[in-house]
Amino acid sequence: AALGTDALATDALGTDAHATAHLAVQAFYDARGGAPAWTKPDARAAALALLARADRDGLPVAEALPPALAELADVVSEGAPDSLRARLDARLTAAVLAFGARLGTPQVDALDLYGANAWEPAPALPRDARADARALADDLTRAASPAAALDAFAARHRPSHAGYALLRTALARELALASGPDRTIAADLAPGDSGAAVHALRARLAAEDPATAPGDVYDEALTAAVRTYQRIQGLPPTGRTDAATRDALNRRQADAIPALVLNLERWRWMPDTLGDRHVFVNIPAFELVMRDTRGGHTIDVFTSRVVVGQPSWATPVFSDTMETVVFNPTWTMPRSIQREAYGRLRPDRAVRPPGPGNALGRVKFLFPNRHAVYIHDTPSKWGFSVEHRALSHGCVRIGDPQDFARAVLSRTDRWPAARVDSVFTGPWTTRDVRLTHRIPVHIAYFTATADAAGRVTTYPDVYRRDPRLAEALGLTPAPTVVAMTGPPRRDVTAG
């Protein structure tokens, strides 16, 4: 018979989930013919290590590895009674399965936190807990080691997005720096130096790149590592550890870890897949990117500055599909904007025909949604030259509409660039183009991202959403709010 019981599953997962937990635990042991999984020291150590690293995914270690379970693992030895060893085995199984389920599941309900008009998270796809349990049992049978099996299990459950993986890597580095010894670089160093200060520099760089070897000589390899770090930080790649480089190495922002954790959580709110070809707007970055997947690699094929909604007219977060490109559109001024512009409704001025004065400019890109938000051109170009571009009434204004139209239509309908250009220079005649191949569009809100070089970029929390999420996740200290400075210039145009 399988080793799992309702009581053991409840210990690990909590009473609300005990029925599903018990079924999953039972399915795991059924797949193993009732054989225990974690009695061997290497297997048990691998399971405990996986749970102890929950913080690398922004999850509380104490919930992934409850103190009672850790204490039980400490006291159960090879010679312990079979009943006690079975109890530990079942609890470890329940904890590992629970951890897998949490990896890809939102910890906070975005709708409860921000409201449906502000944030529309992707619907969660149901998971089969028993199938997940059987897959773990199969991994343990086939993998080269228990650690490899658990790594494969966790990888299947994490959000598959590259953005999540990059943030996770950055968080692991920050956690290591926060918990490790003091690695402050106190003096300027240069090639040829040696001694304890150089050893400390190597140890500090190893936190950025584990390939950095220990030692106490500032040799060519260390010089190259310093140059690489300087390039990543945007510093002159001199290879010398000067004051600016030391400042960067010694800078550890108090809110770095919470900021990374809450943006990992936001990836759990995104759709499981973004689409091989998709448009991604990050509101705090004031940026639109179009991405294509080629040969298994996703690349940026188009990037543009954008203007997004003012805090009082916040652009909502949601995903939809671009279906139509409208050239030289007519604009009907919404009643809310009429009141702002004129103090009352003005039906005589509500409809603007195509032309140079039309607030939508030459083109709009439609992905029908309940928020009535879309991407569009604008004759008001000043907003793209300022740093904080939260200026619109909710829609996304694009800085390079002609190039974006080329990028979209060349891929969806094989339009040559010249054909798009002729519309932008031709008469103001309205034309709807229904896309042959539709494109997913994701309007997102990430205040921190990481790149392949390990560099973390933070963006202004234009709608002051970080502190509320940090509080919901129990993060201390909460990330510092970075918001717009000064009142935005009034610009009564389209969305």
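Against which elements do the buried residues of H17 pack? In this predicted model, the buried residues of H17 pack against E4, E7 and H16. The residues concerned are Val-420, Val-423 and Phe-424. They span an arc of only 100° around the axis, which places them on the same side of H17.

Aromatic pairs were then examined. A search of the whole structure returns 15 aromatic pairs. One of them is formed by Phe-302 and Phe-404, whose rings are stacked, with 5.3 Å centre to centre and 25° between the planes. Phe-302 belongs to strand E3 (residues 297–309) and Phe-404 to helix H16 (residues 401–412), so this pair ties together parts that are 102 residues apart in sequence. Phe-302 and Phe-404 are both buried.

An edge-to-face pair is formed by Phe-327 and Phe-424, at 6.2 Å centre to centre and with 80° between the planes. Since Phe-327 lies in strand E4 (residues 318–327) and Phe-424 in helix H17 (residues 417–425), the pair ties together parts that are 97 residues apart in sequence. Phe-327 and Phe-424 are buried.

The charged end of Arg-419 sits over the ring of Trp-415, 3.9 Å from the ring centre. For Arg-291, the charged end sits over the ring of Phe-280, and the distance to the ring centre is 5.3 Å.

His-371 is located in the loop between strand E7 (363–366) and strand E8 (375–376). Its relative accessibility is 15%, and because the cut-off for burial is under 20%, His-371 counts as buried. A polar contact of 2.9 Å joins the side chain of His-371 to the side chain of Glu-120. With neighbours within four places in sequence left aside, His-371 is in contact with Ala-116, Asn-117, Glu-120, Pro-316 and Phe-318.

Notes:
Residues are numbered from 1 along each chain as its sequence is written. This is a predicted model: local features need pLDDT of at least 70, side-chain atom pairs count only at pLDDT 80 or more; totals for chains, interfaces and linings use all residues. Side-chain values use heavy atoms; hydrogens and water are left out. Rings of Phe, Tyr and Trp (its six-membered ring) pair if their centres lie within 6.5 Å; planes under 30 degrees apart count as stacked, over 60 as edge-to-face and the rest as tilted. Helices (H or I, at least four residues) and strands (E, at least two) are DSSP runs, numbered from the N terminus. Buried means under 20% relative accessible area, exposed over 50%, partly exposed in between (1.4 Å probe, protein chains only). A charge sits over a ring if NZ of Lys or CZ of Arg is within 6 Å of the ring centre and within 35 degrees of the ring normal. A polar contact is a pair of N or O atoms within 3.5 Å; within protein, one must be able to donate a hydrogen and the other to accept it, and residues adjacent in sequence count only if both atoms are side-chain atoms. Contact means heavy atoms within 4.5 Å. The arc is that of the directions from the helix axis to the C-beta atoms.
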